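Trainee: Could we go through this model together, starting with the fold and then turning to the pocket and the core?

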Amino acid sequence: MRRPIVIALLGLTTASIALGQRPSVTSASGDRRGSIEQVIRQLDHERIQAQIDADAAALERIYAADFIGVGPSGAVRTKPQVISDFASGELKFQSITTDEVQVRIYGNTAVETGRSTMNGQDRGKAVPRDNRFTRVWVKQQGHWRLVLNHYSPLIMQQ
């Protein structure tokens, strides 16, 4: 009688250990995601610098043709509008920093979220300084392009 109980307990213990194991991510898949995340972070760094420098050529390369941007003041701009506003000086930044950045990959789409601190002007008015952002990047014709950039002003709890 004792022997079947011991065997049953061993079987249950082994089964629960096996079921509790999580499949590990293959290193190739993990490396690929890490590589894509690095590309997105680098492109975002280039985008920020292009905005500060009002570099229309860089913005043209980074933004998708159907790009939509929603600024912290709620203004909605297309790619041509954004590039025109930077080139004319209507939209300008002296500094932009990001932190708490996370990049999640979904096949040929990447979603980047985080916090942004900006010092700039939009049509003569100060841009809200502290914001949360969501950016959507899509791989098109072998290149990652920014298709959506949305800012929400961060309201500090006091």
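Mentor: This is a predicted model. Read along the sequence, its elements follow the pattern α-α-α-β-β-α-β-β-β-β-β. Counted up, the chain has four helices and seven strands.

Trainee: What percentage of the residues in the chain is buried?

Mentor: A residue counts as buried when its relative accessible area is under 20%. The chain has 158 residues, and the buried share of them is 34%.

Trainee: Among contacts between residues at least 6 apart in sequence, what percentage joins residues at least 24 apart?

Mentor: Contact here means heavy atoms within 4.5 Å. Of the contacts between residues at least 6 apart in sequence, the share that joins residues at least 24 apart is 50%.

Trainee: Which element gives the largest share of the lining of the largest pocket?

Mentor: The largest pocket has a volume of about 310 Å³ and is lined by 24 residues. Elements that give two or more residues to this lining are α2 (27-53), β1 (63-70), α4 (79-88), β3 (91-106), β4 (109-122), β5 (125-126) and β7 (143-153). The largest share is four residues, and the element that supplies them is β1.

Trainee: How many residues of that lining are nonpolar?

Mentor: The lining includes five polar and five charged residues. The nonpolar residues in the lining number 14.

Trainee: Is R77 buried or exposed, and which residue does its side chain meet in a polar contact?

Mentor: The relative accessible area of R77 is 7%, so R77 is buried. Beyond four places in sequence, R77 touches F67, I68, G69, V82, D85, L91, D122 and R123. Its side chain makes a polar contact, at 2.5 Å, with the side chain of D122.

Trainee: How far apart in space are P72 and D122, C-alpha to C-alpha?

Mentor: P72 is buried, because its relative accessible area is 14%. Leaving out residues up to four places away in sequence, P72 touches M118, V127, P128, N131, Y151 and P153. P72 and D122 are 50 residues apart in sequence, and their C-alpha distance is 9.9 Å.

Trainee: Which residues does W144 touch, not counting residues up to four places away in sequence?

Mentor: W144 is one of the residues with the most contacts inside the largest nonpolar core. Two others in that group, I40 and A110, are also on its contact list. The residues that W144 touches are I36, V39, I40, L43, I62, G107, N108, T109, A110, W137, V138 and K139.

Trainee: Is T117 buried or exposed?

Mentor: T117 is in strand β4. Beyond four places in sequence, T117 is in contact with S95, I96, T97, R129 and D130. Its relative accessibility is 18%, and the cut-off for buried is under 20%, so T117 counts as buried.

Terms used:
Residues are numbered from 1 along each chain as its sequence is written. This is a predicted model: local features need pLDDT of at least 70, side-chain atom pairs count only at pLDDT 80 or more; totals for chains, interfaces and linings use all residues. Side-chain values use heavy atoms; hydrogens and water are left out. On a 1 Å grid over the protein atoms alone, a cavity is a set of points where a 1.4 Å probe fits but cannot get out, and a pocket is an open set with protein on both sides within 12 Å along at least five of seven lines; lining residues have an atom within 4 Å of a point. Grid points are joined across faces, edges and corners, and a volume is the space filled by probe spheres set on the points. Ala, Val, Leu, Ile, Met, Phe, Trp, Tyr, Cys and Pro count as nonpolar, Asp, Glu, Lys and Arg as charged, and the others, Gly among them, as polar. A nonpolar core is a set of buried Ala, Val, Leu, Ile, Met, Phe, Trp, Tyr and Cys residues joined through side-chain atoms within 4.5 Å. Buried means under 20% relative accessible area, exposed over 50%, partly exposed in between (1.4 Å probe, protein chains only). A polar contact is a pair of N or O atoms within 3.5 Å; within protein, one must be able to donate a hydrogen and the other to accept it, and residues adjacent in sequence count only if both atoms are side-chain atoms.
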